[in-house]
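Hello,

Here is the structure I promised to pass on to you. Have a look at it first, and then read my notes below.

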Amino acid sequence: MTEGVQTPPATQFTPRVFSGIQPSGGLTLGNYLGAIKRFVDMQDQGIQTIYCMVDLHAITVWQDPAALKRQTRELAAGYIAAGLDPARSILFNQSQVSAHAELGWVFNCVARMGWMQRMTQWKDKAGKNAQNASLGLFAYPALMAADILLYHATHVPVGEDQKQHVELTRDIAAKFNHDFKVDFFPLPEPVIEGAATRVMSLRDGSKKMSKSDPSDASRINMTDDADAIAQKIRKAKTDPDALPSEAKGLDERPEARNLVNIYAALSEQTVDAVLADVGGKQFSEFKPMLADLAVAKLSPISSEMARLMQAPDEIDAILRSGADQARAIAQPIMDRTLDIVGMVR
Ligand code: TYM
């Protein structure tokens, strides 16, 4: 059990895990280490785990409809290939459970414009062109709060970049509870743990590894073959110095830190344990070690994803059954929310 899960924030709420990923492009190593691998770890802790493909979030920026369908199935294949088991976790796509959009609307009326304007992801994504961004992109964190609170989830495994959104979810839950004088929604905890909570671009250690980076060399895609993985790691930006023997020697060396973090996360060791082993080595020696490790860990996942993608009907059946299970939890919470707000039922 992770530390966060041992101490539920509100004792009256049964611990429950919820998280989601946007099917807005291919899966990256950042998604895998920051999210999916952690989802799998949490699956076996005796807590209910619910993992979503958040397709309603994806359309806050333009998505080609055929590509969105393929990407949603590919994300489902990635979840399953990485070890999520539909018999042990609820796996579904968001748009099949209409209460997400319904609760999202209620939270649009709870959240304040100023809260949304402070979101760093909004500022990054909308940039100078905010007037042309979709209204959905602005309201997106209220929908994310709905995703989580619709299941009374208490723990949300995410990468570091989503921490602010989970904190906003707590603010929305607290304001709802306060405004309606209820103790209805839990204040969920972000669970951000492990060596790779922020995997950086292979080309620029100051930028997050992202599916939307125009340079394919900046990221490892979960669908990359062994040659592509090895080549991207060989070409990854580094500095000329040897690796240090302790973590503090990585200060001011973002590219070196990133590669060591990736190694630690893939090998399930701490950064200190890795450096105790590889301290003093040059990158010319360390990079092939990292490439071998990455290929060994990732290629079984990518080949299983490719196999699953041959059977889209099976994937669709898993998602439909997951949506049925999700709806069964969500509907009573949605009904009660509308009653609390004052809708005639
Ligand atoms: P998204 O789709 O951008 O990313 C999915 C998950 O992957 C993590 N992640 C990373 N972790 C480490 N290093 C990286 N370079 C990296 N890139 C991505 C993200 O932190 C995230 O955990 N708003 C969310 C999706 C969402 C959601 C939710 C998450 C919608 N509703 C409810 C949790 C609960 C997003 O855009 O993630």
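Which residues line the largest cavity? They are Met-119, Gln-121, Trp-122, Lys-125, Leu-137, Tyr-140, Pro-141 and His-165. A cavity here is a set of points, on a 1 Å grid over the protein atoms alone, where a 1.4 Å probe fits but cannot get out, and lining residues have an atom within 4 Å of a point.

Before going on, please note that this is a predicted model, where local features need pLDDT of at least 70, side-chain atom pairs count only at pLDDT 80 or more, and totals for chains, interfaces and linings use all residues. Residues are numbered from 1 along each chain as its sequence is written, and side-chain values use heavy atoms, with hydrogens and water left out.

The largest cavity holds about 70 Å³ of space, a volume being the space filled by probe spheres set on the grid points, which are joined across faces, edges and corners. Helix 7 (120-126) and helix 8 (135-149) each give at least two residues to its lining; helices are DSSP runs of H or I with at least four residues, numbered from the N terminus.

The second largest cavity has about 50 Å³, and among its lining residues are Gln-22, Pro-23 and Lys-211.

Now for the ligand. A polar side-chain atom of Tyr-140 lies 2.4 Å from one of the ligand's nitrogen atoms.

Enjoy exploring!

Terms used
1 Å grid on protein atoms, 1.4 Å probe; cavity = no way out; pocket = protein on both sides within 12 Å on 5 of 7 lines; lining within 4 Å. Polar contact = N/O pair within 3.5 Å; in protein donor to acceptor, adjacent residues only side chain to side chain.
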